[in-house]
Amino acid sequence: MRTPTGTLCIDHAARNNLRDVTVDVPLGCLVAITGVAGAGKTSLLACLPRNEKVAVLDQTPIRGSRRSSPATYSGALDDIRAEFAAANNVKANLFSPNSAGACANCAGLGVTFTPTPLGDDVTATCASCQGARFQQEALSHTLRKKTIADVLDMAIETAAGFFSDSPAADILNRLTDVGIGYIHLGQPLTDLSGGERQRRRLAIEMGRQAPVYVLDEPTNGLHLADVDNLVGVCESLIEGGASVIVADHHRDLIARSDWVIDLGHDAGHDGGSVVFEGTPADLTRAKTHTGRALRASHA
Ligand SMILES: [Zn+2]
């Protein structure tokens, strides 16, 4: 395991079903909080100190709408709009489909809704802008031969190259690093899967350079290759001096962590205690549910 750079102490935690839990969480490592569902993993995460040094990525859903895309949410689009404005000597809000740049027919949504007698709206691509969301004047301006609509149609990894000299490059590169570079810049957040949303948030939080990252069930809905990718991102954060604390049940993630704090033995009233602390190798010999599952996956 990596050598810890310090410890975070959880002292006499009694939230929800936790039974007076006192435990040291090593820093500068990948720490997995494990246990069956209901054993108290999320409660234990909630007992970690919360301050500006701790970035918590819990399962709170993103309040997204058709108008919020990966670019708008992470601020990259502000930088991109400013660049278009400077290159064309016009106001930046002309390049926002939620502002002066909006197509008048669809109010910048790119689609129109027609009510039917049965109550369901029929959605159609806007006949005026053909889904581009912008009015004509906005589309008459270009930046290095691309219109703002062309840019929003770019995959994030393509945009990272196009804007490599721009302040937007930072977040675009991070979004690519966490494995969602294939998402289009203008794609609504509501189209993203749970895993894509959590990795997008991780990319944004990475920009804050918080020393401690806390993730709650980040492997939910991820394919095996994506789990691998996620652990890789965690490891590079740790190499950069950060700590990553993850409540999760994925065997690959547990096996690659430096330290495991296993809660149990079971759920609810039968949970809430630390039943194991140590390395994943030692966990395979422990008589806990997680230990048995890890041992089975190695057999
Ligand atoms: Zn339109």
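Helices (H or I, at least four residues) and strands (E, at least two) are DSSP runs, numbered from the N terminus. By that rule, Arg-144 lies in the loop between helix H4 (136-140) and helix H5 (148-152), in a protein with twelve helices and ten strands. This is a predicted model, in which local features need pLDDT of at least 70, side-chain atom pairs count only at pLDDT 80 or more, and totals for chains, interfaces and linings use all residues. Residues are numbered from 1 along each chain as its sequence is written.

**Overall layout**

- The C-alpha trace of the protein spans about 65 × 50 × 35 Å along its principal axes.
- The domain assignment gives domain 1 (6-53 + 211-298) and domain 2 (70-190); such bounds come from an automatic or database domain assignment.
- Between the C-alpha centres of domain 1 and domain 2 there are 39 Å.
- Of the 299 residues in the protein, 41% are buried. A residue is buried if 20 or more other C-beta atoms lie within 10 Å of its own, exposed if 12 or fewer, and partly exposed in between, with C-beta atoms placed from the backbone.
- Two residues are in contact if their C-beta atoms, placed from the backbone, lie within 7 Å. Among contacts with a separation of 6 or more, 64% are between residues 24 or more positions apart.

**The largest nonpolar core**

- A nonpolar core is a set of buried Ala, Val, Leu, Ile, Met, Phe, Trp, Tyr and Cys residues joined through C-beta atoms within 7 Å.
- The largest such core has 74 residues, and Val-31, Ile-33, Leu-172 and Val-246 touch the most other members.
- Helix H9 (residues 224-239) gives the most to this core, namely five residues.
- Domain 1 (6-53 + 211-298) and domain 2 (70-190) each supply at least three residues to this core.
- Apart from its neighbours within four places in sequence, Leu-172 has contacts with Ala-76, Ile-156, Ala-159, Ala-160 and Phe-163.

- Helix H7 covers residues 169-177, and its buried residues are Ile-171, Leu-172, Arg-174, Leu-175 and Thr-176.
- An α-helix has 3.6 residues a turn, so residues three or four places apart point the same way.
- H7 packs against helix H8 (residues 194-206) at an angle of about 135°, with the axes 9 Å apart. Axes are lines fitted to C-alpha atoms, for helices over the stretch in contact, and angles run from 0 to 180 degrees between N-to-C directions.
- H7 and H8 are therefore oblique to each other; angles under 35 degrees count as roughly parallel, over 145 as roughly antiparallel, 65 to 115 as roughly perpendicular and the rest as oblique.
- At this packing, Ile-171, Arg-174, Leu-175 and Asp-177 of H7 meet Arg-200, Ala-203, Ile-204 and Met-206 of H8.
- Just after H7, Gly-179 has a positive phi of about 90°.

- Most residues other than glycine have a negative phi, and most peptide bonds are trans.
- Asn-16 is not a glycine, yet has a positive phi of about 50°. Asn-16 sits in the loop between strand S1 (6-13) and strand S2 (21-27), and counts as partly exposed because there are 15 C-beta neighbours inside 10 Å.
- Arg-144 is also not a glycine and has a positive phi of about 45°. Arg-144 counts as exposed because there are 9 C-beta neighbours inside 10 Å.
- The peptide bond that joins Gly-264 and His-265 is cis, with omega about 0°. His-265 is placed in the loop between strand S9 (259-264) and S10.

**Two further residues**

- Thr-279 is in the loop between strand S10 (273-278) and helix H11 (280-283). Thr-279 counts as exposed because it has 12 C-beta neighbours inside 10 Å.
- Leaving out neighbours within four places in sequence, Thr-279 is in contact with Met-1 and Trp-259. Thr-279 and Ser-257 are 22 residues apart in sequence, and their C-alpha atoms are 7.8 Å apart in space.
- Val-111 belongs to strand S5 (residues 111-115). Val-111 is partly exposed because 14 other C-beta atoms lie within 10 Å.
- Beyond its neighbours within four places in sequence, Val-111 has contacts with Cys-106, Thr-123, Ala-124, Thr-125 and Cys-126.
- Val-111 and Arg-197 are 86 residues apart along the chain, and 23 Å separates their C-alpha atoms.
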